[in-house]
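Good morning, and thank you for coming. I will go through one protein, beginning with the whole chain and then turning to a few contacts between helices.

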Amino acid sequence: MDFIVNLAAGFMNLFTLGGQQFLSWVTGIIPTIVMLLVLMNAVMAMAGEKTVARLAKVCTGNPVLRYAVLPFVSAFMLGNPMALSIGKFMPEFYKPCYYASATYHCHTNNGLFPHINASELFIWLGIANGITALGLDTTPLAVRYLLVGLAANFISGWATEFTTKMVEKQQGVTLSREFKAAK
């Protein structure tokens with residue numbers, strides 16, 4: 001009988017813990033994301049849609065800017081998940097490619113810039129704890145992680161571009177590579 005009671009109590013505790021987690025989001029990450037959205041929209045409104053569209057067009061025109069520079073700057077300035085929203089300014093064809101690169105930038109830059117993805121900081125701290133236990137400095141590892149990440153994230157975006165072309169051909173569709181005129 002105790003087994004059934006403990007099982008029921010454990011089952012209900014699962015929902016209690018889920019509710020506590022949800023409440024932590026409501027008081028933690030959700031307001032932060034909303035404020036970042038407000039800031040990003042305010043900066044875009046002040047700069048003007050034409051200016052933002054021109055910047056996106058310049059960055060989209062070059063693969064290095066598209067998959068290395070823009071995602072890195074977006075991750076650094078906006079953090080995860082807001083860095084991903086910059087892709088909305090790109091033509092449809094480049095959106096999945098930018099997303100692939102920017103998503104990884106939100107992870108590999110975490111060693112030097114923990115503000116980018118605080119929710120995954122525990123991964124870096126676990127690795128750093130092992131390095132520190134050996135009496136070593138974590139900075140060289142963080143720099144290597146960042147540099148390897150820059151290369152790997154670029155390759156991720158470019159590889160996604162290649163697979164997007166394959167899917168276009170397979171599905172018989174052509175995604176727009178052109179920018180829509182800014183209002």
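What radius of gyration does the protein have, and what would a compact globule of 183 residues have? The protein has 21 Å, while a compact globule of 183 residues would have a value near 16 Å. Please keep in mind that this is a predicted model, and the values I quote are computed from it. The C-alpha trace spans about 65 × 45 × 40 Å along the principal axes of the protein. Of the 183 residues, 30% are buried. If we take the contacts with a separation of 6 or more, 69% of them join residues 24 or more positions apart.

Next, the secondary structure. There are seven helices and zero strands in the protein. Read from the N terminus, the order of elements is α-α-α-α-α-α-α.

Helix 3 covers residues 49–60, and its axis comes within 7 Å of the axis of helix 4, with a crossing of roughly 120°. That angle makes helix 3 oblique to helix 4. Val-58, Cys-59 and Thr-60 make the contact from helix 3, and Leu-65, Arg-66 and Leu-70 make it from helix 4. Sorted by class, this contact of helix 3 with helix 4 has four nonpolar residues, one polar and one charged.

Now helix 4 and its other partner here, helix 5. Helix 4 is residues 63–78 and helix 5 is residues 95–108; their axes come within 9 Å and cross at roughly 50°. How do we describe two helices at such an angle? Helix 4 and helix 5 are therefore oblique to each other. The crossing in which helix 4 passes helix 5 is right-handed. On the helix 4 side, the residues are Arg-66, Tyr-67, Ala-68, Leu-70, Pro-71, Phe-72, Ser-74 and Ala-75, and they meet Cys-97, Tyr-98, Ser-101, Ala-102, His-105 and Cys-106 of helix 5. The classes in the contact of helix 4 with helix 5 are ten nonpolar, three polar and one charged.

One residue from that list deserves a moment. Pro-71 lies in helix 4. Is Pro-71 buried or exposed? Its relative accessible area is 0%, so Pro-71 is buried. Not counting residues up to four places away in sequence, Pro-71 touches Leu-65, Arg-66, Tyr-98, Ser-101, Ala-102 and His-105. For a sense of distance, Pro-71 and Leu-7 are 64 residues apart in sequence, and their C-alpha atoms are 47 Å apart in space.

Between helix 4 and helix 5 there is a loop, and Pro-81 lies in it. The peptide bond from Asn-80 to Pro-81 is cis, with omega near 10°. For background, most peptide bonds are trans.

On to helix 5 and helix 7. Helix 7 is residues 139–171, and it packs with helix 5 at an angle of about 160°, the axes being 8 Å apart. Helix 5 is therefore roughly antiparallel to helix 7. This crossing, of helix 5 and helix 7, is right-handed. From helix 5, the residues in contact include Pro-96, Ala-100, Tyr-104 and His-105, and from helix 7 they include Leu-146, Leu-150, Asn-153 and Phe-154. The residues in the contact of helix 5 with helix 7 are eight nonpolar, ten polar and one charged.

How exposed or buried is His-105? His-105 has a relative accessible area of 0%, which means that it is buried. Which residues is His-105 in contact with, leaving aside its neighbours within four places in sequence? They are Tyr-67, Ala-68, Pro-71, Phe-72, Ala-75, Ile-116, Leu-150 and Asn-153.

Definitions and conventions
Residues are numbered from 1 along each chain as its sequence is written. This is a predicted model: local features need pLDDT of at least 70, side-chain atom pairs count only at pLDDT 80 or more; totals for chains, interfaces and linings use all residues. Side-chain values use heavy atoms; hydrogens and water are left out. Axes are lines fitted to C-alpha atoms, for helices over the stretch in contact, and angles run from 0 to 180 degrees between N-to-C directions. Helices (H or I, at least four residues) and strands (E, at least two) are DSSP runs, numbered from the N terminus. Angles under 35 degrees count as roughly parallel, over 145 as roughly antiparallel, 65 to 115 as roughly perpendicular and the rest as oblique. A crossing is left-handed if the near helix is turned anticlockwise from the far one by less than a right angle, and right-handed if clockwise. Contact means heavy atoms within 4.5 Å. Ala, Val, Leu, Ile, Met, Phe, Trp, Tyr, Cys and Pro count as nonpolar, Asp, Glu, Lys and Arg as charged, and the others, Gly among them, as polar. The radius of gyration is taken over C-alpha atoms; the globule rule is 2.2 Å times the number of residues to the power 0.38. Buried means under 20% relative accessible area, exposed over 50%, partly exposed in between (1.4 Å probe, protein chains only).
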